[in-house]
Amino acid sequence: MRSAPLNSSLKSNISNKFFVITATLSTQHTVYTAIIMTLKSVAFIAFLFATIFDSHGTASGFNAAKSSKFPGNTRSCSSKKPEPLHSSSTSPLQPIAPAVETKRVQLSQVSAEIMTCRPRSHESTLSPHRPPLLFLHGSFHSSWCWAEHYMPYFASHGYSCYALSLRGTGGTFAGEGVKKVKIDEHVQDITDMIAYIRQQQQEQEEKEADRHSNSSSSIRRSTMSEEEQDLEYCRPVLIAHSFGGLAIMKYLEKNLLIVPSAEDDDVRAGEQQTHSLPNMNRRVLDISGVVSMCSVPPSGNGKMTMRFLKRSLRDSWKITAGLAMKKCIRDGDLCRELFFGKEDDGISDEDLTRIQKYFERDTVATIDLMDLAKRLPSVHTNVSGKAVFWEGGHVPIPSLVIGATEDFIVDKEGVDELGRYYGVEPTMVDSAHDVMLGSRWENGAKAILDFLKEQFVVEK
């Protein structure tokens, strides 16, 4: 007769123990969830920290076909030449664009992949009074990004065009096992490439000297002698996109700045000893001008990252995941949004897949962020943010700063900062970050062409 009460008591005990166990597991689950969420937050902050130094900190390039005429190191990701973004077929009513050639040249430290595009014979009559153009890519890209539109476009207007794949990329091998490339190494490759272009241009000028008259198109600067003018036509205009613009700034700092000692007569009263002054022994640069498109500002990406965090945590995560974590290589929607905009920009799904393959091939080695952190933000500016290059008797080189109205990566404040650095008013064009690709590529190209005509060419 007592079995019923016992069963009831047993059930009560079991029920109480089950409640305790359930409550304990629930508490543990809450703790574990909190720990996991904390770890995720720490990981997210870590990735954002990487972007503070440089969310573009990826050396880029691809390995296109090599020319046997230019021997070099053949270690790279692939020997296959990238296909063009669009069909090469040409309408009978459309002129055939100048051909882009891929070559390999031996620089002082590396065997580099370059692309060249020269004016056709009837366009070469314009070139003697037009400086050559050297195109420098940003992260995740290499020389291929200029070959689609820009190089044929400017060659058709009489400009000899060159594009360099920076060291540490699929196209320009940095060395066995090398995963980090210093910014000074990129500067060295740019310096070597400039010397190569000058030599090529001088040889070309000699060949064409007897065939073309200088009277058809001319430019004369009142402050230049004839010898200086001839030299000017051999000095390239540097045209850089995104991270490539930061490499140009470091090139200028290396060639136009010195760190004065206490005994230096040029040290001005009150000037800090660590602040750089114009190098009075290097007044003549080996370049004619600078064009920076959607480029990283002198402060790096640190200030931009903070602005992005304030504006949109979601967009900040997209930039971090797409660039620092390289998810843009696998995520097509993210890649399109970061580089080409949300709207249709003339990049088909097939094009996007091919570009992502380039991106993967163009991230062989990355910029040494610890080294770069020591160089950012640039301290070589005055109180207004202008580079001190032009103080002490230096004449500023012609400069153009271009920003994109739909740039997801470099904001308007960053463009304005870069404009102050060069002492110019930025030009904004209708485009996403990759100004040189997509259906709106000509917006940026025309802005550059107008700049070149204004600064270097006077048609008669």
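1. Let me begin with the handedness of a helix pair: helix 6 and helix 12 cross in a left-handed sense. This is a predicted model, so please take the values here as computed from it. The two helices span residues 243–256 and residues 412–422, and their axes come within 13 Å at a crossing angle of roughly 20 degrees. Since angles under 35 degrees count as roughly parallel, helix 6 and helix 12 are therefore roughly parallel to each other.

2. Which residues make up the meeting of these two helices? From helix 6 come Ile248, Met249, Leu252 and Glu253, and they meet Leu418, Tyr421 and Tyr422 of helix 12.

3. Helix 7 (residues 302–311) packs against helix 8 at an angle of about 135 degrees, and their axes are 6 Å apart. An angle over 145 would count as roughly antiparallel, and 65 to 115 as roughly perpendicular; helix 7 and helix 8 are therefore oblique to each other. On the helix 7 side the meeting involves Phe308, Leu309 and Arg311, while helix 8 brings Leu313, Ser316 and Ile319.

4. Staying with helix 8, its 12 residues (313–324) reach 16 Å from the first C-alpha to the last, close to the 16 Å expected at 1.5 Å a residue. Buried residues in helix 8 are Ser316, Lys318, Ile319, Thr320, Ala321, Gly322 and Leu323. After the helix comes Lys326, with a positive phi near 60 degrees.

5. Next, please look at Asp349, which lies in helix 10 (residues 349–361). Is Asp349 buried or exposed? Its relative accessible area is 60%, and the cut-off for exposed is over 50%, so Asp349 is exposed. Its side chain makes a polar contact of 3.1 Å with the side chain of Arg336.

6. Asp345 sits in the loop between helix 9 (332–339) and helix 10. Its relative accessibility is 3%, and because buried means under 20%, Asp345 counts as buried. Setting aside residues up to four places away in sequence, Asp345 touches Phe340, Leu437, Gly438, Ser439 and Arg440.

7. Trp441 lies in helix 13 (residues 441–456) and is buried, with a relative accessible area of 15%. What does Trp441 contact, leaving aside its neighbours within four places in sequence? The partners are His149, Tyr150, Tyr153, Val435 and Met436. With one of them, His149, there is also a polar contact of 3.4 Å between the side chains. The C-alpha atoms of Trp441 and Asp430, 11 residues apart along the chain, are separated by 9.2 Å.

8. Finally, the overall picture. The protein has 13 helices and 14 strands, and 52% of its 460 residues count as buried. Of the contacts between residues at least 6 apart in sequence, 79% join residues at least 24 apart.

Definitions and conventions
Residues numbered from 1 in each chain as written. Predicted model: local features only at pLDDT ≥ 70, side-chain atom pairs only at ≥ 80, totals over all residues. Heavy atoms only, no water. Helix = DSSP H or I, 4+ residues; strand = E, 2+ residues; numbered from the N terminus. Buried < 20%, exposed > 50% of the residue type's maximum accessible area, 1.4 Å probe, protein only. Contact = heavy atoms within 4.5 Å. Polar contact = N/O pair within 3.5 Å; in protein donor to acceptor, adjacent residues only side chain to side chain. Expected span 1.5 Å × (residues − 1). Axes fitted to C-alpha atoms, helices over the stretch in contact; angles between N-to-C directions. Left-handed = near helix turned anticlockwise from the far one by under 90°.
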